[in-house]
Every structure is written in structure tokens, then in C-alpha cells.
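Subject: Structure handover and notes

Dear colleague,

I am handing over the structure we spoke about. Please look through it with the notes that follow.

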Amino acid sequence: MSAYWINTFTEIRDHERLERYAAIAAPAMVAAGGRFLARGNPAFVFEDATPLRTTLIEFPSVEAARDAYESPQYREALAVLGDAATREIRIIDGI
């Protein structure tokens, strides 16, 4: 069953480091079987939601999404991001 990785930034403190993170993170997600469905700033936000960057990635399974997060390549991306941003990441089953 497909799974979806939803990554929402709640604060961005360093846009340059965010760009460097994304350049490493995107290939890590694809290498782990991820397929980007949407990314960028929301067109609209409702109910006090953050207007910052959100990413939606489809994976073949919850396990594949978790493995992507724990992969050495993604860990490298996280090291680059460091404290440059605060995010909420959710991995949910598809229906």
C-alpha cells in the first residue's frame, strides 16, 4: 500500500541552507522509491496553518518512507539543514 510523506516547514531561519538541504534530500527520496507529488509554498492556507513550504512525496510503503528518512544520504541532508528550519514530518498510509 502506498504511503505519503508530508513535510511542512513551520519556520525557516536560513534559506541558503534550506536550498542546500533540498539539493541533497530530493535525490535521497527518489533513490528510496519516492515520487514527488507537490512541493512549494501553499496556494491557500486555512485554520491558522503555516504558509511555508510543504512537500508531499509518495512512497510504495510506510517502510520505504521510513527507510528514506533513516538513509545515509538523507542523514547527510539533515546535517546540512541543521537548525536552519523547524518542520513537521508525517508519514501516513494511503487509502
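Below is what was found, taken by topic.

The model is predicted, and what follows should be read with that in mind.

Nonpolar core

The largest nonpolar core has 20 residues. Trp5, Tyr21, Met29, Phe59 and Tyr74 are the ones with the most contacts inside this core. At least two residues of the core come from each of β1 (3-12), α1 (15-31), β3, α2 (62-70) and α3 (72-81). The largest contribution is that of α1, which gives six residues.

For Met29, leaving out residues up to four places away in sequence, the residues touched are Trp5, Gly34, Phe36, Ile57, Phe59, Ala68 and Tyr74.

Aromatic rings

There are six aromatic pairs in the structure. One of them joins Trp5 and Phe59, with 6.0 Å from centre to centre and 35° between the planes, a tilted arrangement. This pair links distant parts of the chain, since Trp5 is in strand β1 and Phe59 in strand β3, 54 residues apart. Trp5 counts as buried because its relative accessibility is 1%, below the 20% limit. Phe59 also has a relative accessibility of 1% and counts as buried.

Trp5 forms a pair with Tyr69 as well: the ring centres are 5.9 Å apart and the planes stand at 40°, so this pair is tilted. Trp5 lies in strand β1 and Tyr69 in helix α2, so the pair ties together parts that are 64 residues apart in sequence. Tyr69 is partly exposed, at 28% relative accessible area. Ring pairs join Trp5, Tyr21, Phe59, Tyr69 and Tyr74 into a cluster.

A charged side chain also sits on a ring: Arg39 lies over the face of Phe36, 4.4 Å from the ring centre.

Salt bridges

Side chains of opposite charge can pair when their charged atoms come close. The structure holds seven salt bridges, and several are described here.

Glu58 and Arg35 form a salt bridge in which the closest N and O atoms are 2.6 Å apart. Glu58 lies in strand β3 and Arg35 in strand β2, so the pair ties together parts that are 23 residues apart in sequence. Glu58 has 16% relative accessibility and therefore counts as buried, the limit being under 20%.

Glu16 and Arg20 form another salt bridge, with 3.3 Å between the closest N and O atoms. Both residues are in helix α1, and because they are four residues apart they are separated by about one helical turn. Glu16 is exposed, with a relative accessible area of 54%, whereas Arg20 is partly exposed at 42%.

Arg13 and Glu11 meet through their side chains in a salt bridge of 2.9 Å, N to O. Arg13 is partly exposed at 43% relative accessibility, and Glu11 is partly exposed at 39%. Salt bridges also link Asp14, Arg17 and Asp83 in a network.

Thr50

Where is Thr50 found? Thr50 is in the loop between β2 (35-40) and β3 (54-59). A polar atom of the Thr50 side chain lies 3.3 Å from the backbone oxygen of Phe9. The Thr50 side chain also reaches the backbone nitrogen of Leu52, at 3.3 Å. Apart from neighbours within four places in sequence, Thr50 is in contact with Thr8, Phe9, Thr10, Pro42 and Val45.

Regards

How values were computed: Residues are numbered from 1 along each chain as its sequence is written. This is a predicted model: local features need pLDDT of at least 70, side-chain atom pairs count only at pLDDT 80 or more; totals for chains, interfaces and linings use all residues. Side-chain values use heavy atoms; hydrogens and water are left out. A polar contact is a pair of N or O atoms within 3.5 Å; within protein, one must be able to donate a hydrogen and the other to accept it, and residues adjacent in sequence count only if both atoms are side-chain atoms. Contact means heavy atoms within 4.5 Å. A nonpolar core is a set of buried Ala, Val, Leu, Ile, Met, Phe, Trp, Tyr and Cys residues joined through side-chain atoms within 4.5 Å. Buried means under 20% relative accessible area, exposed over 50%, partly exposed in between (1.4 Å probe, protein chains only). Rings of Phe, Tyr and Trp (its six-membered ring) pair if their centres lie within 6.5 Å; planes under 30 degrees apart count as stacked, over 60 as edge-to-face and the rest as tilted. A charge sits over a ring if NZ of Lys or CZ of Arg is within 6 Å of the ring centre and within 35 degrees of the ring normal. A salt bridge is a side-chain nitrogen of Lys or Arg within 4 Å of a carboxyl oxygen of Asp or Glu.
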